[in-house]
Amino acid sequence: MTHPAVSTAVDLIDAPLLYKGKVRELYDLGEHMLIVVTDRISAFDYVLEPAVPEKGNVLNRLSAFWFGQTKDLLENHVVHIDVDRLGSIAKEPELLRNRIMVVRKAQRIDMECVVRGYITGGGWRQYQATGEVNGIKLPEGLRKNGQLHEPIFTPAAKNDVGHDEDIPFAKMQELIGEELANELKEKSLKLYGFARDYCAERGILLADCKFEFGILDGKVILIDEIFTPDASRFWAKDKYALDVEIDSMDKEPVRAYLASSSWDKNSTPDPLPEEVVAETSRRYLDIYHRITGHSLN
């Protein structure tokens, strides 16, 4: 059964709202924090209308799946994902089912930890301009979408306002300390390698991904979301090609529609057509099924 899209949980949760991001909302439960993943969708730094049915469910369930898969590699912040355990805090539990995660409160490390296994997107644009990505000198003659000889770690300093800023690893070491930077790099590369191999067995290429980490009780733990279509670039193996824009397994229909429309990218765009919303929803459900082997419901 497909539930109606949820564009905000503010009226569905009886707890203080701590933060409202483009997609996620954080609520204070005292010892713990509640993350609600809405169906909002963003592109080109704008939150779009209407929300995409099931998108938040997929993102939340996929994160929970991957947190479970990787818990032996690195501790994470998950306490549980059971809406029924929220009791009266959840005013309409059926609307919130599958889209909540109760987590431990960690001190966020203000670094976005990006791993690239292929040269594409922003990494490709950097390489074209300088022959480098985040200060890493790469061989000449690479082609767009080409697989790198080894995955590379390309961090970004987090900005709560505006874009995160790509920085060289040496700058990351300066900002947060050499020991912590080295630990995050090692853990990021290990996590990427695990998911890359898992996805490859299911006909999916994990082109790149990003992680966020926090400190809890003096230890580094994994927080936020992992290996979702919003935090990773997935390609179907049978769609892979060099020198083209690969149709990635995410909100590509939204990006393609906006890019081909007359929208000026400087004002709130018109509502998305029904068929674009439906195709985007289908894609999120498809990637969930392909990765987990299960349907959402």
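The chain exposes about 14200 Å², and carbon and sulfur atoms supply 48% of that area. This surface belongs to a predicted model. Of the 297 residues of the chain, 49% count as buried.

The secondary structure comes to seven helices and 17 strands. The radius of gyration of the chain is 19 Å, close to the 19 Å that the globule rule gives for 297 residues, so the chain is as compact as a globular protein of that length. Along its principal axes, the C-alpha trace spans about 60 × 50 × 40 Å. Among contacts in the chain with a separation of 6 or more, 65% are accounted for by residues 24 or more positions apart.

The interior can be taken next. In soluble globular proteins, nonpolar side chains tend to be buried together. Here the largest nonpolar core has 53 residues. The residues with the most contacts inside this core are Trp66, Met172, Phe211, Phe213, Phe227, Phe234 and Ile291. Leaving aside residues up to four places away in sequence, Trp66 touches Phe194, Ala195, Tyr198, Cys199, Ile226, Phe227 and Ile291. Another core, of 14 residues, lies apart from the largest one; Leu12, Ile13, Leu86 and Ile100 are among its members.

With residues up to four places away in sequence not counted, Leu180 touches Ile109, Ile215 and Val220. Leu180 and Val220 are 40 residues apart along the chain, and their C-alpha atoms are separated by 8.7 Å.

Some loops contain backbone features to look for. In the loop between β5 (46–48) and α1 (55–70) is Pro50. The peptide bond from Glu49 to Pro50 is cis, with omega near -10°. Further along, Asp224 lies in the loop between β16 (219–223) and β17 (232–236). Phi of Asp224 is near 70°, a positive value in a residue other than glycine. Asp224 is partly exposed, with a relative accessible area of 26%. Lys265, in the loop between α6 (252–260) and α7 (274–292), is not a glycine either, yet has a positive phi of about 65°. The relative accessible area of Lys265 is 40%, and this residue is partly exposed.

Note on methods: Residues numbered from 1 in each chain as written. Predicted model: local features only at pLDDT ≥ 70, side-chain atom pairs only at ≥ 80, totals over all residues. Heavy atoms only, no water. Helix = DSSP H or I, 4+ residues; strand = E, 2+ residues; numbered from the N terminus. Rg over C-alpha atoms; globule rule 2.2 N^0.38 Å. Buried < 20%, exposed > 50% of the residue type's maximum accessible area, 1.4 Å probe, protein only. Contact = heavy atoms within 4.5 Å. Areas by Shrake-Rupley, 256 points an atom, 1.4 Å probe, with all protein chains shown as cover. Core = buried A, V, L, I, M, F, W, Y, C linked by side-chain atoms within 4.5 Å.
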